[in-house]
Amino acid sequence: MYTSVSAPPKGSFKIIFTPTPSTAAWPNLPASGGSITSSPGTSNLHRQQRKGPIHVFNYIDFPDANDKRYGAESDSDNINNTFGPRGYDIKLYKNYTLGQTLSKFEEIQKDLTLDALIVIILSHGTNRYSFMSSNGGIINLDNLR
């Protein structure tokens with residue numbers, strides 16, 4: 001799944017949730033929701049100026065070894081290779097616990113210098129509005145607003 005988070009009025013967040021495209025579809029992210037579709041011949045999208053942060057939370061390992069997300073590192077690489085050259089500042093958070101995740105979101109929310117940002121969450125979920133941290137903690141997207 002990927003989630004975009006923006007702060008129209010400073011200090012408040014709007015979360016838009018969309019299911020993840022299959023790994024085979026990367027790096028062709030869906031064009032809906034304001035994301036960029038990477039395809040050959042899109043060199044005009046490359047910019048020297050930084051556009052802002054993309055926070056990528058990639059949860060790979062979980063308490064139950066059967067839940068490991070094999071190949072998840074390539075998802076992070078594809079995000080970096082797609083958006084990095086286009087001027088975005090990619091920040092990767094790998095295998096954060098519940099506490100670390102909540103602390104990082106609090107830190108992101110306090111950054112009032114941002115006009116907008118993108119947050120991508122790569123994990124398992126119990127439903128379409130929650131995801132699992134690396135220590136098995138369940139995080140509800142409504143609690144991150």
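In this predicted model, a search of the whole structure finds six aromatic pairs. One of them joins F57 and Y96, and this pair links distant parts of the chain, since F57 belongs to strand β3 whereas Y96 sits in the loop between β4 and α2, 39 residues apart. Both F57 and Y96 are buried. A second pair is formed by F83 and Y88, and these two residues are buried as well. The geometry of the two pairs is set out below.

| Ring pair | Centre to centre | Angle between planes | Arrangement |
|---|---|---|---|
| F57 and Y96 | 6.3 Å | 85° | edge-to-face |
| F83 and Y88 | 5.7 Å | 90° | edge-to-face |

Why does the pair of F83 and Y88 count as edge-to-face? The planes of the two rings stand at 90°, and the arrangement carries that name because an angle over 60 degrees is what it requires.

**The chain as a whole**

The secondary structure comes to two helices and seven strands, and along the sequence these follow the pattern β-β-β-α-β-α-β-β-β. The chain has 145 residues, of which 41% count as buried. Among the contacts with a separation of 6 or more, 65% are between residues 24 or more positions apart.

**Strands β3, β4 and β5**

Strand β3, which covers residues 52-58, pairs with β4 in the parallel sense over seven bridges, and N58 stands opposite K94 in β4. Strand β3 also runs parallel to β5, to which five bridges join it; here H55 has V119 of β5 as its bridge partner. How many residues of β3 are buried? Seven of the seven are, so β3 is largely enclosed by the rest of the structure. In β5 four of the five residues are buried, so this strand too is largely enclosed by the rest of the structure.

Helix α1 runs over residues 72-83, and its twelve residues reach 17 Å from the first C-alpha to the last, close to the 16 Å expected at 1.5 Å a residue. Its buried residues are A72, D75, S76, I79, T82 and F83. Seen down the axis of α1, these residues fall within an arc of 135°, so they line one face of the helix. Such a pattern can be read against the geometry of an α-helix, which has 3.6 residues a turn, so residues three or four places apart point the same way. The buried residues of α1 pack against β3, β4 and β5.

Helix α2 has 13 residues, which at 1.5 Å a residue should span 18 Å, and the 19 Å between its end C-alpha atoms agrees with this. The buried residues of α2 are T101, K104, F105 and I108, and they cover an arc of only 100° around the axis, which puts them on the same side of α2. Against which strands do they pack? The buried residues of α2 pack against β3, β4, β5, β6 and β7.

**The nonpolar cores**

The largest nonpolar core has 16 residues, and those that touch the most other members are F57, Y59, F105, V119, I121, F131 and L144. The elements that give two or more residues to this core are α2, β5 and β6.

Leaving aside neighbours within four places in sequence, Y129 is in contact with I139, N140 and L141. The C-alpha atoms of Y129 and L141 are separated by 5.5 Å, although the two residues lie twelve residues apart along the chain.

How values were computed
Residues numbered from 1 in each chain as written. Predicted model: local features only at pLDDT ≥ 70, side-chain atom pairs only at ≥ 80, totals over all residues. Heavy atoms only, no water. Core = buried A, V, L, I, M, F, W, Y, C linked by side-chain atoms within 4.5 Å. Buried < 20%, exposed > 50% of the residue type's maximum accessible area, 1.4 Å probe, protein only. Contact = heavy atoms within 4.5 Å. Expected span 1.5 Å × (residues − 1). Arc of directions from axis to C-beta. Pairing = 2+ DSSP bridges. Phe/Tyr/Trp six-rings, centres within 6.5 Å; stacked < 30°, edge-to-face > 60°.
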